[in-house]
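Take a look at how two chains meet. Start with the interface, then follow it down to single residues.

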Amino acid sequence: MSTDAQAPAPAPLKKVNRLQLDVSSYRGSKTTLCAGCGHNAISERIIDAFFEMGVDPHRVIKLSGIGCSSKSPAYFLNPAHGFNSVHGRMPSVATGAMLANRGLLAIGVSGDGDTGAIGIGQFVHAMRRNLPLIYLVEDNGCYGLTKGQFSPTADFGTKAKNGVVNDLPPIDLCAMAIELGATFVARSFSGDKKQLLSILKAAIAHKGTSLIDVISPCVTFNDHEGSTKSYAYVKAHDDPLGEVSFVPFFEDISVEYEPGSTTRVRMHDGSHLFLRKLEETYNPTDKLAAARLLHETLARGEFATGVIYIEPDKDDFLQLLNLVDEPLGQLPESRVRPPRAVLDQLMDQLR
Amino acid sequence: MSSTLPASEPQQAQASASVTNDFSIQIATVNGSGSQTANLVLLRTLFQMGIPVSGKNMFPSNIAGLPTWYTIRANRRGYISRKKEIDLLVAMNPETARDDVMGLEPGCAVVYDAPLRLDTLRSDLVFYAVPFDKIVAEVCTDAKLRRLVKNMVYDGVLAELLSMDAGEMQQALARQLGKKPKALALNQAALEAGRTWASEHLTKADPFRVERMDKTTGQILIEGNTAAAMGCLFAGVTVVAWYPITPSSSLPETLIRYLRKYRMDPETGKATFAVVQAEDEIASLGMVIGASWAGARAMTSTSGPGISLMSEFAGLAYYAEVPAVVFDVQRVGPSTGLPTRTAQGDILFAAFNSHGDTKNVVLLPGSVEECYEMSMASFDLAERLQTVVFVLSDLDLGMNTWMSKPFDYPEKPIDRGKVLDAEGVKALGGTWGRYRDLDGDGIPYRTLPGSGAPAYFTRGSGHNDMALYTERPDDYTKNVDRLARKFETAKSLVPQPVVEDVAGTQIAIIAYGTTHFAVEESRDQLREEHGVEVAYLRLRAYPFPATVHEFIRRYDRVYVVEQNRDGQMLGLLRIEGEPASAVRLRSVLHYNGLPIDARSITDGILAQEKAGNA
């Protein structure tokens with residue numbers, strides 16, 4: 001059972017984080033996905049990111065919809081409560097949970113079908129609300145669990161395993177997210193360990209919604225010649241915006257950077273994100289520039305990866321709702337049931 | 001039509017046999033003409049005079065321009081269900097006036113807008129022609145406001161015709177418009193003008209009149225949705241997610257008002273609640289489930305189309321055992337149906353909402369007071385049983401104005417159900433599993449995210465008692481059998497039926513929800529007019545406790561009275577009941593979108609009694 005891992009006493013030389021926990025406190029159950037599935041690499045990065053950030057795993061909730069991607073929350077952070085909900089509806093469940101307990105740290109894992117098709121409505125409104133949530137899409141351009149049908153992120157002209165060519169344009173979830181008001185939008189590749197880890201750590205530090213679209217090839221149904229989401233194609237067309245480095249608030253900034261070629265973003269929690277530019281003109285806090293970049297790279301048949309857009313200090317949904325500091329779900333009766341005098345007053349108004 | 005009527009002088013009914021405090025007034029207007037204030041003033045005046053009243057709004061799914069009818073029933077015996085027959089018509093709408101008049105029983109009275117010339121239509125009614133435009137023009141110089149103020153003139157005319165207390169009416173008007181002094185003054189003038197004109201120009205020729213009583217002392221007037229919102233407030237709701245839909249919207253909207261007023265932290269000014277107007281009903285229930293899973297008391301409110309959309313999530317709440325409260329203020333289906341008319345048509349769908357072997361707890365409030373009480377009960381039950389609870393109100397109960405005794409402050413503390421913290425799990429010494437039945441009641445213990453207690457993985461896919469994924473046949477069966485056991489436990493926890501046995505009769509009625517008030521009146525009709533005594537059981541929840549089946553066994557003919565076409569509750573009683581009892585059950589159905597009335601029940605029962613078993 002995915003319950004509190006009775007962590008064995010740490011071996012003397014085992015690496016521990018700032019909570020004195022070793023990485024085993026962040027692991028999950030054994031994966032049941034295909035060997036070589038990009039999703040497994042992403043789960044590994046999630047484990048590393050939460051471990052290195054020193055997040056109490058009991059504070060984390062991990063949620064998902066339905067599909068291959070949505071199975072993966074079982075494969076990381078066993079000590080965290082998990083919720084594998086219904087197809088395309090992870091955002092609403094995550095929203096409710098965060099309303100109930102603002103002290104939680106939520107990571108929602110979805111897929112390109114779960115988000116881009118059946119869940120596009122909930123995706124859209126989640127992006128608008130800027131709820132504290134890491135919304136990670138494991139994007140392989142196909143429905144794996146039902147054997148390889150195209151999903152809405154399948155690129156125009158890409159070929160399915162059975163030879164069918166996709167004749168519809170793809171939905172670019174990052175472009176949509178930026179347009180809809182998301183405050184942290186990134187794209188990465190499951191095979192790029194370093195970049196993905198930095199992005200995940202930055203997302204953990206971010207206070208609003210982080211949308212991370214991770215191209216994650218499906219080794220069984222979408223890794224062939226003619227597919228634009230195969231390992232080979234993605235490696236050849238990955239166009240990193242630059243190097244992404246992340247320094248959490250609890251570490252000294254020792255990164256040497258040249259202000260001209262590197263953008264430094266101060267995150268809300270005091271962490272820092274360093275984005276070394278490969279493209280001279282790119283500014284990740286400029287919404288229009290971000291949208292233009294996505295359109296241009298898509299037109300070239302490339303994937304722009306890295307932190308595409310960031311707005312670190314925008315009020316999140318819980319601030320907008322002006323909630324009390326304590327978790328709503330834990331308020332005692334005395335604070336949620338008004339006194340008798342209130343009912344008397346209401347009754348008097350109706351007489 | 002008028003050409004076929006006799007040309008002779010109208011026969012005016014004799015006013016000699018007066019009918020006191022027992023009539024219904026129907027006011028026919030155009031939607032959006034501002035008649036609601038005038039109608040509520042009438043209702044409230046009668047109420048303040050101590051006369052039992054009820055008010056029902058029959059309105060179109062439209063903002064302005066279509067016909068609307070408001071019916072006020074005054075009844076000295078306290079009957080507050082709809083009365084089918086109209087006694088006094090106020091015909092303000094030219095489009096419907098002819099049909100409105102032609103539908104009346106002989107002897108009724110009609111107050112009408114003089115230019116409509118309705119008196120030529122029939123000779124067996126009492127007509128009062130009132131030049132509304134002329135009267136209102138004298139008191140209201142602003143032509144734009146006349147259309148609104150005109151309504152208050154018919155209040156004045158009725159006040160004079162029925163001998164309503166002028167002081168009470170002034171007070172009722174002040175209650176409605178007290179915060180708007182200009183509007184108040186204008187309407188007061190219109191009211192007086194109507195009264196004065198009527199006293200100077202009309203000769204009373206109908207038998208209807210009012211007289212002060214003391215039957216409403218201490219009572220309140222309230223809509224069911226308001227009562228339910230109040231229940232949610234005192235239930236300590238912390239998360240509300242909803243999507244606008246008639247006739248449910250006024251429930252969350254009223255709740256929002258209450259929460260903003262009574263649930264802001266006095267020290268910090270911050271909210272002890274979260275309300276989200278979601279993107280649709282699916283997301284609404286998703287948010288409720290997420291919130292309840294993480295420890296909140298969460299609810300949503302909707303109507304038929306909403307629970308259709310919520311079905312998948314309802315099954316998740318049932319199978320993954322997450323508390324959720326769903327108010328369904330029923331309207332007429334199928335599909336969009338008649339959005340502004342009432343029905344009890346979601347019984348079976350709520351009970352079995354979602355695919356697979358899903359069974360849901362359904363509460364059936366039968367009064368505004370029960371809207372309040374069952375709202376509180378629904379949260380306790382959802383958390384105690386860790387499942388979705390549907391509260392099935394309807395448009396008639398939710399949006400119409402009902403008399404009630406004042407509500408009681410909850411005596412019992414809030415029940416948060418079986419929730420364990422880290423210590424609690426430890427104390428169980430390793431026996432805890434998320435879906436393990438430790439108490440034999442089918443209800444497992446849960447832990448909350450963020451509490452530091454051991455975690456588990458919630459899923460709608462197959463799971464064993466340790467919440468691990470499984471497709472094993474024995475694991476599946478064991479789990480759903482426990483869910484069935486939990487549903488058995490629910491029978492003793494839900495609101496129990498109200499049983500009125502009658503010795504020596506073979507006839508009984510089973511009803512629920514708003515049908516109750518018509519049943520009460522119908523039982524009196526059957527006894528007083530036909531000498532037929534009828535036992536009565538009022539259902540208040542599903543699943544049914546054994547008392548329901550025992551009751552059915554005691555009577556030969558049990559009429560299940562309900563407001564749908566297919567006899568849904570009768571069907572449910574057959575599914576759940578004893579096979580031998582099935583032959584005892586009969587249907588009396590009412591499904592035209594209007595609230596059920598006593599006469600329809602009386603006639604329906606008598607017809608079946610005569611046909612088969614009299």
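How much area do chain B and chain A bury between them, and what share of it is on carbon and sulfur atoms? This is a predicted model. In it, the two chains bury about 5600 Å² between them. Carbon and sulfur atoms account for 64% of that area. Chain B brings 77 residues to the contact, and chain A brings 59 residues.

Now the polar side of the interface. Between chain B and chain A there are 21 residue pairs in polar contact, counting pairs with both residues at pLDDT 80 or more. By residue type, the side of chain B that touches chain A holds 47 nonpolar, 17 polar and 13 charged residues.

Charges also pair across the chains. The count of salt bridges between chain B and chain A is 4. One of them can be named, as Glu411(B) forms a salt bridge with Arg340(A). Their closest N and O atoms are 3.6 Å apart.

Finally, turn to a spot within chain B. Glu576(B) lies in helix α19, residues 568-576. Beyond its neighbours within four places in sequence, Glu576(B) is in contact with Lys359(B), Tyr542(B), Phe544(B) and His549(B). Pro543(B) is 33 residues from Glu576(B) in sequence, with 8.5 Å between their C-alpha atoms.

Key. Residues numbered from 1 in each chain as written. Chains lettered and ligands numbered in written order. Predicted model: local features only at pLDDT ≥ 70, side-chain atom pairs only at ≥ 80, totals over all residues. Heavy atoms only, no water. Contact = heavy atoms within 4.5 Å. Buried area = accessible area lost by both parts, 1.4 Å probe. Salt bridge = Lys/Arg side-chain N within 4 Å of Asp/Glu carboxyl O. Polar contact = N/O pair within 3.5 Å; in protein donor to acceptor, adjacent residues only side chain to side chain. Nonpolar A, V, L, I, M, F, W, Y, C, P; charged D, E, K, R; others polar. Helix = DSSP H or I, 4+ residues; strand = E, 2+ residues; numbered from the N terminus.
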